[in-house]
Amino acid sequence: MKDFTYYAPTEVAFGKSSEEEVARLVKKYDGHKVLVHYGGGSAVRSGLLDKICSLLEEGGLRTVLLGGVVPNPRLSKVHEGIALCRKEGVDFILSVGGGSVIDSAKAIACGVCYEGEVWDFYIGKADAQAYLPMGCVLTIPAAGSEMSDSSVITNEDGDLKIGYSNNLSRQKFAIMNPERTYTLPPYQTAAGVTDIMMHTMERYFSHDDDMSLTDAVAEAVLRTMKDCIFTVLKDPRDYRARAQIMWGGSLAHNDLTGCGTTGDWATHQLEHELSALFDATHGAGLAAVWPSWARYVYRENVGRFVRFAVNVMGVTNDYTDPEGTALKGIEAMERFYHSIGMPVNIPELIGRDITDAEIDEMVRKCSLDGTRAQGQFKVLTARDMQCIYRNAARR
Ligand code: NZQ
Ligand code: ZN
């Protein structure tokens, strides 16, 4: 087991009455004038936004609203938020939404405290030294941004989607009411679970030894997500299953399943290029590349893939044929993706074939013009990335 530091400072208020805590929590973390940040309208339609604003105002807090965050959140909205916070003297940002809204809030929160261009942080030109304090009311379990240290922003100028990690961007609190996820469309529910599982798998596919406790936690998260997704696709108002998924989303990305492991993250990096180029839903994009990544790398550690096949996918272990067992696990994962409406290749994701020029562009960006490798399970060169994208381009 590798040495590690575990840091998960976010206060979690979980359950049916958790929203009632919002004003108390904002005040606890020294908020007075609150930017309430939200997305394209789901929180308006459900009445959640109105409820949150009323609770804040009843609690004596002043509010400023900024909606319109889109999935794969844009830098232009971040600039708008920074200008608004400065003009209004905002001292706290509350996100009402999912990963896109929370990520946009994180970028605004450090942008307000910085005299230069906020994109500097995402391209590695500077490191943020201060953030406005933030909290969130989560409406979709998926990205795990409510407890993670990172945010991912798309710069429309060049279709660049880049993540930035900083412990200062952790939310002071996360309010999670599983009932608020009843309105999620099946596609978003399934893409969310795919992302949750992938956050676990990125940490699970590792060469580190002696991490049986972390492995067991990871496998429990994976099996629970796999079971609960079918329940909620059948009955979107099943509280028990919605609650497991919501908590699973946080455990998958607050690093609990990564204690003592190295982590791979190549699938995520390969996917970010798909989101950037095609505005794809992040979770669906992960499903479209993971099978090709897995078949390309499994020989690096067949035993790890056998363990995944048996403990997570329920494949019977054929001790005479470890490679066969490993491959059956990958095939079982593909069947699972299809059964929840996710793609298993790029044409299924984007609805058409991808061109060679588009693959070349993704490789160029993912490898920073051939200067950056990706992944740890197998360190991927630009040529490896090209092979994986080409395999994922086949129907
Ligand atoms: O915009 P609205 O109208 O709210 O609709 C959203 C959006 O269309 C909808 N939605 C959310 N809650 C809903 C709802 N619809 C009905 N009922 C509800 N309760 O769902 C759609 C997707 O929302 P989004 O916030 O984009 O989803 P998600 O949480 O999956 O976030 C995706 C973004 O997070 C990034 C992804 O790359 C992507 O940009 N990630 C962030 C990470 C992080 N910060 O740690 C890690 C992840 O790996 C990921 O990269
Ligand atoms: Zn993800």
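**Zinc site and helix packing in a predicted model**

The zinc ion (ligand 2) has four protein donors listed for it: Asp195 (OD), His199 (NE2), His268 (NE2) and His282 (NE2), at 2.0 to 2.2 Å. Donors are N, O and S atoms within 2.8 Å of the metal (3.2 Å for Na, K and Ca), and water is not among the atoms, so sites may look incomplete. This is a predicted model, in which local features need pLDDT of at least 70, side-chain atom pairs count only at pLDDT 80 or more, and totals for chains, interfaces and linings use all residues. Residues are numbered from 1 along each chain as its sequence is written, chains are lettered from A and ligands numbered from 1 in the order in which they are written, and side-chain values use heavy atoms, with hydrogens and water left out.

**Zinc site**

- Along the chain, the donors of the zinc ion (ligand 2) are spaced as D-x3-H-x68-H-x13-H.
- His268 belongs to helix H10 (residues 266–278) and His282 to helix H11 (residues 282–297), so this pair ties together parts that are 14 residues apart in sequence.
- Helices (H or I, at least four residues) are DSSP runs, numbered from the N terminus.
- Both His268 and His282 are buried, where buried means under 20% relative accessible area, exposed over 50% and partly exposed in between (1.4 Å probe, protein chains only).

**Helix H8 against H9**

- Helix H8 (residues 212–234) packs on helix H9 (residues 239–253) at about 140°, with the axes 9 Å apart.
- Axes are lines fitted to C-alpha atoms, for helices over the stretch in contact, and angles run from 0 to 180 degrees between N-to-C directions.
- H8 and H9 are therefore oblique to each other; angles under 35 degrees count as roughly parallel, over 145 as roughly antiparallel, 65 to 115 as roughly perpendicular and the rest as oblique.
- Residues making the contact include Val221, Met225 and Ile229 of H8 and Ala241, Ile245 and Gly248 of H9, contact meaning heavy atoms within 4.5 Å.

**Helix H8 against H12**

- H8 also packs on helix H12 (residues 302–311), at an angle of about 45° and with axes 11 Å apart.
- H8 and H12 are therefore oblique to each other.
- Among the residues in this contact are Asp215, Glu219 and Arg223 of H8 and Arg304, Arg307 and Phe308 of H12.

**Ser367**

- Ser367 sits in the loop between helix H15 (356–366) and helix H16 (382–392).
- Its relative accessibility is 1%, so Ser367 counts as buried.
- Not counting residues up to four places away in sequence, Ser367 touches Arg372, Ala382 and Met385.

Technical notes:
Helix = DSSP H or I, 4+ residues; strand = E, 2+ residues; numbered from the N terminus.
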